[in-house]
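Below is a short note for a colleague who has not looked at this structure before. The points are numbered so that each can be checked separately.

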Amino acid sequence: MVSPSSTPTKQMPRWPQEANEIYEPIRPLGQGGFGSVWMAKRREAKEITQRKEADDEYVAIKVVNGSVDGADATSPTVYAKREVDILSEISHPNIVRLVKAFDGNGTKNNAPSSDVHQSCIILSLAR
């Protein structure tokens with residue numbers, strides 16, 4: 001495991017403040033035209049008793065570039081909204097689970113949202 005202190009500051013992710021209060025970036029997992037994906041760890045050090053919560057200790061955070069304002073059907077934010085809509089309805093052991101989704105205003109969305117922009121999608125970490 002790479003420690004957060006070894007992550008260069010110039011590469012730190014930009015995600016909504018509310019997500020930053022919950023998760024600490026560990027390292028980048030990938031980057032592409034739609035944004036970047038980071039491995040992160042939950043900041044709070046509470047007792048984890050449920051299996052679902054234990055699975056959420058380490059997550060993948062997908063940071064989506066762009067804005068919904070004037071977005072067309074192929075924009076990253078439209079794809080992000082579709083991803084959130086689909087993953088919020090799927091539960092399968094071979095598909096990463098949607099943990100949370102934040103829009104550009106830092107609003108948490110556990111259900112489908114019509115206003116996902118400059119968003120980050122928090123997913124269970126595939127191991």
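1. In this predicted model, E57 and K41 form a salt bridge, with the closest N and O atoms 3.8 Å apart. E57 sits in the loop between α2 (51-55) and β3 (58-64), while K41 belongs to strand β2 (residues 35-42), so the pair ties together parts that are 16 residues apart in sequence. The separation of 3.8 Å counts because the cut-off is a side-chain nitrogen of Lys or Arg within 4 Å of a carboxyl oxygen of Asp or Glu. E57 is partly exposed, with a relative accessible area of 26%. K41 is also partly exposed, at 29% relative accessibility.

2. How many salt bridges does this rule give? The count comes to three. In general, side chains of opposite charge can pair when their charged atoms come close. The other two pairs are taken in turn below.

3. K62 and E83 meet through their side chains in a salt bridge, at 2.9 Å from N to O. This pair links distant parts of the chain, since K62 is in strand β3 and E83 in helix α3 (residues 76-87), 21 residues apart. K62 has a relative accessible area of 25% and is partly exposed. E83, with 21%, is partly exposed as well.

4. K81 forms a salt bridge with D85, and here the closest N and O atoms are 2.3 Å apart. Both residues lie in helix α3, four residues apart, which is about one turn of the helix. Are K81 and D85 buried or exposed, or in between? K81 counts as partly exposed at 26% relative accessibility, whereas D85 is buried, with a relative accessible area of 19%. D85 falls in the buried class because the limit is under 20%.

5. Aromatic rings come next. A search of the whole structure finds one aromatic pair. A charged side chain also sits at a ring: R82 lies over the face of Y79, at 5.3 Å from the ring centre.

6. For the overall layout, the protein chain has three helices and five strands. Their order from the N terminus on is α-β-β-α-β-α-β-β. The chain has 127 residues, and buried residues make up 38% of them.

7. Some residues that are apart in sequence can be checked by their C-alpha distances. E18 is found in helix α1 (residues 17-22) and is partly exposed, with a relative accessible area of 30%. E18 and F102 are 84 residues apart in sequence, and their C-alpha atoms are 8.0 Å apart in space.

8. Where is P25 placed? P25 is in strand β1 (residues 23-32). P25 is buried, with a relative accessible area of 5%.

9. A60 has its place in strand β3 and counts as buried at 8% relative accessibility. The C-alpha atoms of A60 and K41 are separated by 8.8 Å, with the two residues 19 residues apart along the chain. K41 is the residue that forms a salt bridge with E57.

10. The last point concerns empty space. In general, rolling a probe the size of a water molecule over the atoms shows where empty space is left. About 230 Å³ of space lies in the second largest pocket. Which residues line the second largest pocket? The lining consists of I90, S91, H92, P93, N94, I95, V96, R97, S124 and A126. By type, the lining residues of this pocket divide into five nonpolar, four polar and one charged.

Conventions
Residues numbered from 1 in each chain as written. Predicted model: local features only at pLDDT ≥ 70, side-chain atom pairs only at ≥ 80, totals over all residues. Heavy atoms only, no water. Helix = DSSP H or I, 4+ residues; strand = E, 2+ residues; numbered from the N terminus. Buried < 20%, exposed > 50% of the residue type's maximum accessible area, 1.4 Å probe, protein only. Phe/Tyr/Trp six-rings, centres within 6.5 Å; stacked < 30°, edge-to-face > 60°. Lys NZ or Arg CZ within 6 Å of the ring centre and 35° of its normal. 1 Å grid on protein atoms, 1.4 Å probe; cavity = no way out; pocket = protein on both sides within 12 Å on 5 of 7 lines; lining within 4 Å. Points joined across faces, edges and corners; volume = space filled by probe spheres on them. Nonpolar A, V, L, I, M, F, W, Y, C, P; charged D, E, K, R; others polar.
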